[in-house]
Amino acid sequence: MGTFDTFLQQVFNGLVLGSLYALIALGYTMVYGIVNLINFAHGDVLMVGALTAYTAISAAQAHWPALPGWGLLLVGMGAAIPTCVLVSLVIERVAYRPLRNAPRLAPLITAIGVSILLQTLAMIIWGRNHLTYPQLLPPDPISVGPAIVTWTKIAVVVLSALIMGGLLLLVQRTSLGRAMRATAENPRVAALMGVNPDRVIASTFAIGAALAAVAGVMTAAVYSVAHFYMGFIPGLKAFTAAVLGGIGNIPGAMVGGIVLGLIEALGAGYIDQLSGGIFGSNYQDVFAFIVLCAVLILRPSGLLGERVADRS
Amino acid sequence: MNSPSRAALALSLAILALAGCDRSKEGAGGSAGSGNVIRIGHVAPLSGGTAHLGKDNENGARLAVEEINAAGGVKVGDKAYQLELLAEDDKGDPREATLAAQKLVDSGVVAVVGHLNSGCSIPASQIYNAAGIVQVSPSSTAVKYTHQGYKSTFRIVANDGQQGGAMGNYAVDGLKAKTVAIIDDQTQYGQGLAAEVENRVKARGLTVVDREYTNDKASDFNAILTKVRGAHPDVIVYGGMDATAGPLTRQARQLGIKSDILTGDGACSPEYIHLAAEAAEGTICTQAGEAVSKLARGDQFVARYKARFGTDVQIYSPYSYDAVYVIADAIHNAGSLDRAAIAAQVAKTDYNGLTGHIVFDENGDLKAGAVSVFQVHKGQLEYLSTSR
């Protein structure tokens, strides 16, 4: 296997990781765009999605053993998406809406509280152990040109691309999307024009949660393991991706996610060559954050900027 | 003041008085606990990625305590004491480990079985040593643990000097490898073991073609594995626990890596096979002790364990079981509940336990520690060989 093949494989690894980051980052960025809130419980919504899907898939396997892998995947998504949407709507109603006009630090603290609460509840419900995620799509490696991939990884990249395309259409072409953009630009004027801000904000949370549910199921399927604190690290990384792309900016979150995934994969793969053997893969996270610092110093509002015209 | 609040006041006074009594009794009785009960501590992760191993260790110790108590307890002089096991959770986290250690010291234990992870045993050992409490670990293999100059640290498994050497030897002799890639999880255990393997394979003329690092909470290993794949090693050695080794093995096979995979005791459990699923097939791992199936009373232990707890032995419960017996033996021989006397007796242990003949060297390591090699075959750990 040549060095170029290794490079292409790392790019693909980065795409898979980046697609997941992008899906999660969208939830952060949409909510921030509308209510200026960093929803730190977002990563844990992802975890709830993955674990709900785990329970649903296990039950489906027990009832219909003949169900194929993609059927199980649909069952998992079908259970995870409504659950996450519901959880997210409850969180918004209970922990964020009463504080909408409070100082910005107050909802930040309730967000962290909700995050801890969700993790503890999940630990009580699903236990403390790592759960082995069922193999949903065939695990055998397949060669696509020089890179070796699996169906699950292809599904992650394709599904993320489709979802992100759909989201852009929704924001640009539908009346809900127009209402979201209007609320983001100026909530009071939007309300005067007949837009119900509560409904728009709730819809934003719901869409973010649905994306997190998909990301959760796919994360667990790719890495074949799920546990109650699995949302923390991806949540943190996705938040980073959202900032990298320009928080509040939807295409920015997508670009930021993919870029961060690529940086991480290529950083782990090439940092020792770049640094002449001084740093090894133990510095891969440092590498990612150095790039983040550099980007933010040169472009303080992120790669695509924070306040573009259609920020939503 | 109305009567309910007066009643509450009386009650709280009573509680305070009782608490005071309890404390004064502990003070007078030294470290023994209260009445005719001797307290022994047990610490291991009961939550987080290695909770199953922590629970396994605790179960082994509990089984021994229950047996000793059923047989009449521990005789000290002419008085028989019952044992009480105080089980603490260190979450596999060095900071939590010192908190748990302090808590046990404060609750008056005479000895501690634990911790599971070397990264926890080492910082905790300082606290036990300062309090004069003897610490017997059933599973911490990092060399440093017993080499800090403390008289209070013991282990009843082989150390990573022996284990890493055995793994290196197996890579050369068993797997006929010429090139090795080594990955570790940057914990005290993982990096220590990886360093020992690295020394041995280099000494035996192998080339280390790649050296990579991850962490004990990682779930994505694709980037480092892709790099390993580009280096074409004959064998991949991983220093880390089963919670990461399982997904790592699975992702390696999904990237089309066909190299042999060799792990240490932290990833030599049924849980590893469960997490790696079909990818575990054919991988090699070592345990820093004799295989349970090879022990004289091993089958009997496995059956009793299953009957009592309803689960299977993971790795080191036979060793935590023996750790309790070693401590009980030392208390009996010391003839008192004095911590220093007990620690001195543990050092002189000469005990035929479930896991073999237990005699410690001057550091607190086993004199005849064994390392067993296993291979995953049809979803089970199959015993291959033992080296001493």
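**Questions on chains A and B**

Me: Is A291(B) buried, exposed or partly exposed?
Reply: Count the C-beta atoms, placed from the backbone, within 10 Å of the residue's own: 20 or more others make it buried, 12 or fewer make it exposed, and in between it is partly exposed. A291(B) has 19 others within 10 Å, so it is partly exposed.

Me: What kind of model is this?
Reply: Residues are numbered from 1 along each chain as its sequence is written, while chains are lettered from A and ligands numbered from 1 in the order in which they are written. Local features need pLDDT of at least 70, side-chain atom pairs count only at pLDDT 80 or more, and totals for chains, interfaces and linings use all residues, for this model is predicted.

Me: Where in chain B is A291(B)?
Reply: Helices (H or I, at least four residues) and strands (E, at least two) are DSSP runs, numbered from the N terminus. The two elements around A291(B) are a strand and a helix. A291(B) is in the loop between β11 (284-287) and α10 (298-309) of chain B.

Me: Which residues does A291(B) contact, leaving aside neighbours within four places in sequence?
Reply: Contact means that the C-beta atoms, placed from the backbone, lie within 7 Å. With the sequence neighbours set aside, A291(B) is in contact with S372(B) and Y383(B).

Me: How far apart are the C-alpha atoms of A291(B) and T355(B)?
Reply: Along the chain, 64 residues separate them.

Me: How far apart are the C-alpha centres of the two domains of chain B?
Reply: Domain bounds come from an automatic or database assignment. Domain 1 of chain B is 6-157 + 292-368, and domain 2 is 160-287. Their C-alpha centres lie apart by 32 Å.

Me: Which helix gives the largest share of the side of domain 1 of chain B that touches domain 2?
Reply: The contact takes 15 residues from domain 1 and 15 residues from domain 2 of chain B. On the domain 1 side, α2 (51-70) and α4 (118-131) each supply at least two residues. The largest share, three residues, comes from α4(B).

Me: In which sense do β1 and β3 of chain B pair?
Reply: Strands pair if DSSP finds at least two bridges between them. Strand β1 (residues 37-44) and strand β3 (residues 79-89) have eight bridges. One of the bridge partners is L83(B), for I38(B). The sense of the β1 and β3 pairing is parallel.

Me: Which residue of the β2(B) and β3(B) hairpin takes a positive phi?
Reply: Strand β2 (residues 74-76) pairs with β3(B) in the antiparallel sense over three bridges. The hairpin has two residues between the strands. A positive phi near 65° belongs to G77(B).

Me: Which helix gives the largest share of the side of chain A that touches chain B?
Reply: Here 27 residues of chain A are in contact with 28 residues of chain B. Both α1 (3-35) and α10 (250-274) of chain A supply at least two residues each. The largest share, six residues, comes from α1(A).

Note on methods
Contact = placed C-beta atoms within 7 Å.
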